[in-house]
Amino acid sequence: MTAGSGPPSGDGLVWRTATELARLLASGELSSVELTGALIERSDAVDPGINAYLHRTDELALEAAGAADARRSRGEAASPFDGVPVAYKDIFVTRGVPTTCGSKILEGWVPPYDATVVERCHGAGLPMLGKTNLDQFAMGSSTENSGFFPSRNPWDTGRVPGGSSGGSAAAVAAGAVPWAWGTDTGGSVRQPGGLCGLVGAKPTYGRISRYGMIAFASSLDQASPLTRSVEDAAALMAIAAGHDPCDSTSIPSPAENYLDGIDGGIEGLRFGIIKEFTGEGSQPGVRARVDDAYTRLEKLGATLQEVSMPSFQHGIPAYYLIAPAEASSNLARFDGVRYGSRVAGDTNIVTMNSMTRDEGFGAEVKRRIMIGTYALSAGFYDAYYGKAQRVRTLIIQDLRRAYESVDLIVCPTSPTTAFKLGERTDDPLAMYLSDVYTVPFNLSGNPAVSVPCGLSSDDGLPVGLQIVAKTLDEKTMFRAAYAFEKDLGFAGSPEGRPRL
Amino acid sequence: MDIDSGTVDYVARLARLALSDEEREQMRAELSDILEHAGRIRALDLDGVEPTSHPVRLLNVARPDEVRPSLSQEEALACAPAAENGRFKVPRIIEEA
């Protein structure tokens with residue numbers, strides 16, 4: 001279904017992209033209150049089956065929708081997207097609205113301020129439909145580490161939606177919200193995007209403010225959109241991107257308009273294929289779709305060449321030392337003193353801290369705090385953390401070298417399609433290894449997008465193609481993803497949508 | 001890579017985690033596995049390679065030293081597990097002699 005192909009009502013409405021909805025709102029064919037009402041109805045119908053939301057804010061959304069309609073009727077739209085609803089991974093703090101980060105340790109906490117991403121989306125007039133589920137503190141690849149319940153993949157509710165931003169992915173894929181925010185520390189938006197047939201786009205590190213995003217690994221975390229089209233991903237990213245004085249790692253230059261020139265095509269662009277990503281351990285159905293995608297890029301006028309990244313074999317080890325090390329430090333703030341739960345408050349401070357943290361944190365969070373604390377402890381710092389930081393340098397050097405001869409890099413997003421709930425929970429290491437294609441680009445900070453490349457013939461589930469650009473070259477990344485998406489014709493087609 | 005239970009106890013103490021006996025044993029096995037894999041990079045010869053802490057170059061960021069509005073005491077304390085007289089309340093920190 002495309003914009004203008006019929007009256008905007010009922011089922012068709014919830015499948016439209018944010019860009020299409022914005023046009024309908026601008027032309028007056030649709031009001032934000034109608035749209036928000038339809039999405040609330042859709043959420044009522046589908047959320048019990050997918051558990052995408054931790055906390056819904058229907059009333060607030062309708063109120064914001066009314067205000068958006070009033071602005072539009074006065075000819076004072078706050079942005080082209082004024083009145084298009086959005087959802088946030090529950091890692092973004094929201095003033096007056098409970099925020100848990102998927103953990104019992106923060107149950108009942110009501111933040112006194114908004115994250116910069118939330119503030120900018122409010123400023124653009126996007127009503128908030130709710131806070132979505134995640135692996136506790138964004139640590140995981142399936143949402144099974146949520147302290148509350150796992151979310152389910154709308155394509156097959158016996159399977160995971162991916163993670164950690166799995167609630168946002170499930171909600172967008174199920175038509176419960178047109179777009180949503182996630183965060184990507186090691187692939188936590190690109191992987192659920194791939195597994196749910198969506199676009200998941202991570203900007204260059206530092207491009208979007210981390211202020212008010214509960215910190216997991218501060219040198220890796222980036223806010224990232226999950227959407228049903230490349231155009232929507234570029235638009236949502238542009239709403240939040242740009243310098244923020246509240247984040248000392250925020251890049252000072254102004255953000256570009258990522259929609260500008262997005263339809264310019266990819267004739268003559270040079271794509272690098274990573275020699276070391278041999279496809280070993282990948283499902284045949286995933287490899288077939290990704291190979292088809294490479295052929296399609298050539299058909300569209302791009303050239304492909306092999307690039308070598310010898311350091312990438314060390315990506316997972318380096319990531320699983322650096323991320324836990326930073327997490328062990330960041331999560332020290334959850335100590336039962338300033339917010340969240342408290343256990344054994346009538347003992348002494350160390351016992352209270354330790355009991356509170358043991359009870360409040362889930363198993364994966366404790367595991368990573370332990371790894372990180374070990375890797376940073378006296379006598380081991382140089383051998384583990386110091387070594388990992390040097391591997392990080394090698395990864396950045398390999399990418400710089402490759403980008404001397406190519407414009408973009410392409411590879412799969414994940415080695416497999418969505419896996420069954422419970423399939424990997426007993427083997428944390430196996431779960432970590434599935435992040436092999438995504439973590440190098442968090443270590444390096446490059447922008448990277450996962451775009452759907454069709455369904456696997458093994459199981460009929462979506463496969464994601466990852467396109468990685470040079471630092472701060474989001475525009476070329478989106479231009480390539482857009483050309484691929486349009487030519488494939490999967491997004492927006494009946495085939496590109498789960499039968500939920 | 002074998003992590004012994006003494007190391008698990010030591011690290012858990014540093015991390016302020018009161019692990020149960022069951023958790024300690026599971027943690028010992030899992031940490032051994034994970035550090036075995038991650039520890040592969042220990043063997044790499046990386047002398048002369050500078051460490052990277054951050055993907056973009058970090059500079060000190062300062063702002064003018066001006067008084068600006070901030071959270072009120074009431075807002076800051078609103079979600080504390082325990083507060084008294086405008087302060088966070090914590091259990092005993094200094095043991096009696």
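Two strands pair if DSSP finds at least two bridges between them. Keep that cut-off in mind for this predicted model. Strands β9 (residues 408-412) and β11 (residues 462-469) of chain A meet it, with 5 bridges in the antiparallel sense. Strands of a sheet pair through backbone hydrogen bonds, either parallel or antiparallel.

Now step back to the whole sheet. It is open and has 11 strands, all in chain A. Read across it, and the order is β1-β3-β2-β4-β6-β5-β10-β11-β9-β7-β8. The pairing is mixed. Where does the sheet of chain A end, and which are its edge strands? They are β1 (53-56) and β8 (303-307) of chain A, and each pairs on one side only.

Finally, turn to chain B. In the contact between the chains, 44 residues of chain B meet 57 residues of chain A. On the chain B side, α1 (5-14) and α2 (21-38) each supply at least two residues. Which element gives the most to this side of chain B? It is α2(B), with 7 residues. By class, the side of chain B that touches chain A holds 30 nonpolar, 4 polar and 10 charged residues.

Notes: Residues numbered from 1 in each chain as written. Chains lettered and ligands numbered in written order. Predicted model: local features only at pLDDT ≥ 70, side-chain atom pairs only at ≥ 80, totals over all residues. Helix = DSSP H or I, 4+ residues; strand = E, 2+ residues; numbered from the N terminus. Contact = placed C-beta atoms within 7 Å. Nonpolar A, V, L, I, M, F, W, Y, C, P; charged D, E, K, R; others polar.
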